[in-house]
Amino acid sequence: MLLFVKQLYAIIIFVLLFSSWLIENVLCYEQVFSCDFETGSNCTFKQWYYPSDNFDWTQWQGSTGGAYSGPSSDHTYGNISGNYMYTQSNADKRGENAILQIGEKLKLSAGRGVLRFYYHMEDRDGPDSLGDLKVYGCYQGGRNIGEPMWTRSKSQGDKWLMAEIVYECRGEFQVLFEGIRGTRDSDIAIDDILLLDLSIDGRYI
Ligand SMILES: [Ca+2]
Ligand SMILES: [Ca+2]
């Protein structure tokens, strides 16, 4: 009888531990969408047009060609074969914007998610001339794209940086990235976009 009770306790403890591990490591989030801009990936994205914006994002490999701005490789592979998107600087066109729409009919099962992406914003001339990168995580159609939920301005150094936005959005939506040109050396690049669904308990890894 005592042996049976011990075995029962052991089973209960195992189930509790396994359940905890399952929740922590498997059930906490689900990937809704990812985009690394590589050939063969099922990432969907499209450019916006005038009058909503003034120019287009460029899909690129290696250095942008700007002597004082832009990454030298993508973030996914860190080499000149990897793809990323960037807005090219133009000294005569400060303030112009380009909007890139990511994903089609994205949806968060409980209306809560995490948007993670990498960005590169550097002006080797100085910190002030670089433009703005804005993210609209819950675009649901129409001309009015609303207020950005995330913005970076000025030079952030010659490196890819990770951004993570925890937010709520109900119904179907798309994610918009808007690059706005600064003065001279203001290339703005993005790569490895990931949307996670916080459907179970609001946590993620
Ligand atoms: Ca455009
Ligand atoms: Ca990439």
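**Close-up views of a predicted chain**

**View 1. Asp 132 in its strand.** Asp 132 belongs to strand 7, residues 132–139 (strands are DSSP runs of E with at least two residues, helices runs of H or I with at least four, all numbered from the N terminus). The model is predicted, and local features need pLDDT of at least 70, side-chain atom pairs count only at pLDDT 80 or more, and totals for chains, interfaces and linings use all residues. Residues are numbered from 1 along each chain as its sequence is written, and chains are lettered from A and ligands numbered from 1 in the order in which they are written.

**View 2. The surroundings of Asp 132.** The C-alpha atoms of Asp 132 and Arg 152 are separated by 5.7 Å, although 20 residues apart along the chain.

View 3. In the order 2-5-10-7-8, 5 strands form an open sheet with antiparallel pairing (two strands pair if DSSP finds at least two bridges between them). Strand 2 (45–47) and strand 8 (150–153) are the edge strands, each pairing on one side only.

**View 4. Strand 2 beside strand 5.** Strand 2 pairs with strand 5 (residues 97–106) in the antiparallel sense over 3 bridges. Lys 46 stands opposite Gln 101 in strand 5.
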